[in-house]
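The sequence and the model come first.

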Amino acid sequence: MYRENCPGCKMDQRKEEKLGIPYREFLYVWIISLCTALPISSLFPFLYFMIKDLHIAKREEDIGFYAGFVGSAFMLGRALTSVLWGLVSDHYGRKPVIMISIISVIIFNTLFGLSTSYWMAIATRLLLGSLNGLLGPIKAYAIEVCRAEHQPIGLSLVSTAWGIGLVIGPAIGGFFAQPAEKYPKIFSKESFFGRFPYFLPCFCISLFAVGAFISCFWLAETLHNHSDHDEETDGTPASKKNLFKNWPLMSSIIVYCVFSLHDMAYTEIFSIWAVSDKLYGGLSFSSQDVGEVLAVTGCSLLVFQLFLYIWISKLLGPIISARVAAVITIPLGAAYPFMSRLSGFKLSLVVNCTSVLKNILSLIVITGMFILQNNAVPQHQRGAANGISVTGQSLFKAVAPACAGAIFSWAQKRQKASFLPGDQMVFFIVNVIEAIGFLLTFEPFLVPANKTEQE
């Protein structure tokens, strides 16, 4: 039964009539997901230099420590408000939350690029995270605009755009930070961009967010405006279901959080490690070199998502594919510290290939967890469920940069240690987290909502 003037019913009716892939709605999902991901890690290639310019660290070895707190501020802010945004999206709809969140990206990401002090940088990142409620509602939206057989594609778009954003964002940061130094013929040191060397990459991302905001005026709402919808679908009033007692949901969220901790720690460490001096085990890359590596990775992720992921999902399912990806990630991560022994073309080739493979594996894991989470709850609770997921993920990701920065700074001071010297210790700790995530993907811990369907 379809109710008149109900946007959710209109969407369900459209799905009944049109059996194909909803390309237009999926394009919105991809653009909005990219919009929320770009600001998260765009600062990493230039954060090392930004902290240095803000004169907060007394020694070069302490820069990673202070950089970690700036990296954590966004995730801490998001952890504080994600459940609230999820509840708002369940009550008022996905569209208003999405539009408010994009406005916050436009404002606070721009202000971060204008930071003149360490505390201003932290405050703008904290506010950007607090007012950005995009991820939970867009995951729910990706499920709700398509038929069941297309849901893996919808959620893979979220995780792919997320993954691409986490590599294209740093690429933008690497290419456009400090433009007066990189492109002196275009930007002088006395110009606005010379006085604010980290504004240009933030402005580029905010400009993309403006375009995303305008496109949202044509975004179709998917939430039902009558309370009996979930009773019709499964016979149980949604208000009586306790999400925290839904173990298929909570177990998939916990596993998702562990893998998110690993991914965020890796993202923070890779950029700092790559630009650090070879004397300390790094690669002596410039921020532009890091940007080029991440740009190649982002393009590769898009190709993988468009042509390969759906076949892997159909062949293995979300759980087995996540296990395989986690197992491959561990030896791959152990190889990173030894790349500092390479140089020239060999170094460039190895770093690019490893970065592409690492991010593809992360995409497979995260998409699998997205599918499990959204299949564990009815629509009326999907926003809140994704809010809990984003809160947990954000807490773990808030811890990751601060801990990663502190561990990296500590590792820099133990280059001659007998056990796992220097960066070997950093990547070993990151691998331990991945191994824990892998172990948690087995029963009795991880239990899919419908075991037969999932495995």
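Which residue forms a salt bridge with Arg14? In this predicted model, the partner is Glu25, and the closest N and O atoms of the pair are 2.7 Å apart. The bridge links distant parts of the chain, with Arg14 in helix α1 (residues 7–17) and Glu25 in helix α2 (residues 23–41), eleven residues apart. Arg14 has a relative accessibility of 27%, so it counts as partly exposed. Glu25, at 8%, counts as buried, because the limit for buried is under 20% relative accessible area.

The structure holds six salt bridges. Another of them joins the side chains of Asp90 and Arg94, at 2.8 Å from N to O; Asp90 and Arg94 are buried. A further bridge is formed by Lys358 with Asp263, where the closest N and O atoms are 3.6 Å apart. This pair, too, links distant parts of the chain: Lys358 belongs to helix α16 (residues 344–375) and Asp263 to helix α13, 95 residues apart. Lys358 and Asp263 are both buried. Through shared partners, salt bridges also join Arg14, Arg24 and Glu25 into one network.

The largest nonpolar core has 119 residues, and Ile102, Phe270 and Trp273 touch the most other members. Helix α13 supplies the largest share of this core, 14 residues. Apart from this core lies another, of ten residues, including Met250, Ile253, Val377 and Ala384. Leaving aside neighbours within four places in sequence, Ile102 is in contact with Ile32, Cys35, Leu134, Ala209, Ala212, Phe213 and Cys216.

Helix α18 (residues 423–440) can be checked for its length. Its 18 residues should span 26 Å at 1.5 Å a residue, and its end C-alpha atoms are 26 Å apart, which agrees. Among the buried residues of α18 are Met425, Val426, Phe427, Val430, Ile433 and Leu440. Asp423, Asn431 and Glu434 of α18 are buried as well. The cover over the buried residues of α18 includes α13 (247–275), α15 (309–334) and α17 (382–412).

Helix α15 also has a part in the surface. Leu315, Leu316, Ile320, Val324, Ile328 and Leu357 form a nonpolar patch there, with about 480 Å² of accessible area together. The most is given by α15, with five residues. Leu316 lies in this helix.

Note on methods
Residues numbered from 1 in each chain as written. Predicted model: local features only at pLDDT ≥ 70, side-chain atom pairs only at ≥ 80, totals over all residues. Heavy atoms only, no water. Helix = DSSP H or I, 4+ residues; strand = E, 2+ residues; numbered from the N terminus. Expected span 1.5 Å × (residues − 1). Buried < 20%, exposed > 50% of the residue type's maximum accessible area, 1.4 Å probe, protein only. Contact = heavy atoms within 4.5 Å. Patch = residues over 30% accessible without salt bridge, like charges linked within 9 Å, V, L, I, M, F, W, Y side chains within 5 Å. Areas by Shrake-Rupley, 256 points an atom, 1.4 Å probe, with all protein chains shown as cover. Salt bridge = Lys/Arg side-chain N within 4 Å of Asp/Glu carboxyl O. Core = buried A, V, L, I, M, F, W, Y, C linked by side-chain atoms within 4.5 Å.
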